[in-house]
Amino acid sequence: MQYITTFWNYISNSFVKYNLTVIDVLEMLILAWLIYKIMGWIQSTRTFVLLRGIAVIGLFLLVAEILEMNAILWIAKNVVSVALMAIVVVFQPELRKMLEELGKNNIFRVMNLGDRMNPDEKFTDKTMQSIVKACTIMSKNKTGALILLENYQKLTDYVETGIEIDAVVSMQLLVNIFEHNTPLHDGAVVISGDRVVAATCYLPLSEDMSVSKELGTRHRAALGASENTDAFIIVVSEETGSISVAREGRLYRDLSPDQLLERLSSFRQKEQILQEKKPTTWGRLKSRWEERKQNEEQQGSTEKTEG
């Protein structure tokens, strides 16, 4: 107890000594969190290499300042504005990825600001069984396949790159789409709920340099889509026939049909539970208002009884 008292006195004295307020502490915590996130983002992308190049240029200019190389300094001062624009262009992919990661943050899901799917719009058992059966057949025949199941985030950008289908999901349809030498076999299929939305969709390749070199374009595309969306992505290898699942930038390889079915069931159940447990913003405000009104009525009745 003494340690707690001593620590509390130290905190209190610090507030008085440095004239700190609760807002100041909150601001420091936010800044610390932002710096931590930015440093993590820099280490996970090619930005760190680019920043080292900028640091080398800065060191060169510092040496030029010390040695009074006026010509170099004059050139550097006149190209600063152009250099700032060039930095924005060079870092454009990394900046976009950072903003996408911020947009996918769970805080926005809690606030109900993102596009959400209703529990009724999730795929049914029949659709799930059809997907697993199709992947099993394509795995045995070594038919390459790439399937995206839409989650909270809409996959409109990917759908627009392909050919619209809008058909009910079935095992036969999926097998026929990915059959060799057919017009729709190349690219990805996007499924929303119980319907195949589009086929031959183009997906961005993963830029993660740590990805195994033995993975082909189809697996890299699956990883790239999983890094940018919250979709459930299934890959069937054309070379080995193995079934893999990509989620949140990670690839789970060599799954059996039973394991695929288990992951699909877990994915659907988890998202439905989250949807049911998390009330909307309006629902929370309404419940608080009703609770407050009920407390006021109880307090008023208590005062009348006492009177």
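**Exercise 1.** Find which helix gives the largest share of the lining of the second largest pocket.

*Solution.* The largest share, 4 residues, comes from α11. By class, 8 are nonpolar, 8 polar and 7 charged.

A word on the model before we go on: it is predicted, so local features need pLDDT of at least 70 and side-chain atom pairs pLDDT 80 or more, while totals for chains, interfaces and linings use all residues. Residues are numbered from 1 along each chain as its sequence is written, and side-chain values use heavy atoms, leaving out hydrogens and water.

**Exercise 2.** Identify the salt-bridge partner of Arg-218.

*Solution.* Start with the rule: a side-chain nitrogen of Lys or Arg lies within 4 Å of a carboxyl oxygen of Asp or Glu. Arg-218 pairs with Glu-238, their closest N and O atoms being 3.7 Å apart. Glu-238 sits in the loop between β5 and β6, and Arg-218 in helix α11, 20 residues apart.

**Exercise 3.** Decide whether Arg-268 is buried or exposed.

*Solution.* Recall the cut-offs: buried is under 20% relative accessible area, exposed over 50%, and partly exposed in between (1.4 Å probe, protein chains only). Arg-268 has 17% relative accessibility, so Arg-268 counts as buried. Now look at its salt-bridge partner, Asp-125: with 46%, Asp-125 is partly exposed.

Methods:
Helices (H or I, at least four residues) and strands (E, at least two) are DSSP runs, numbered from the N terminus. Ala, Val, Leu, Ile, Met, Phe, Trp, Tyr, Cys and Pro count as nonpolar, Asp, Glu, Lys and Arg as charged, and the others, Gly among them, as polar.
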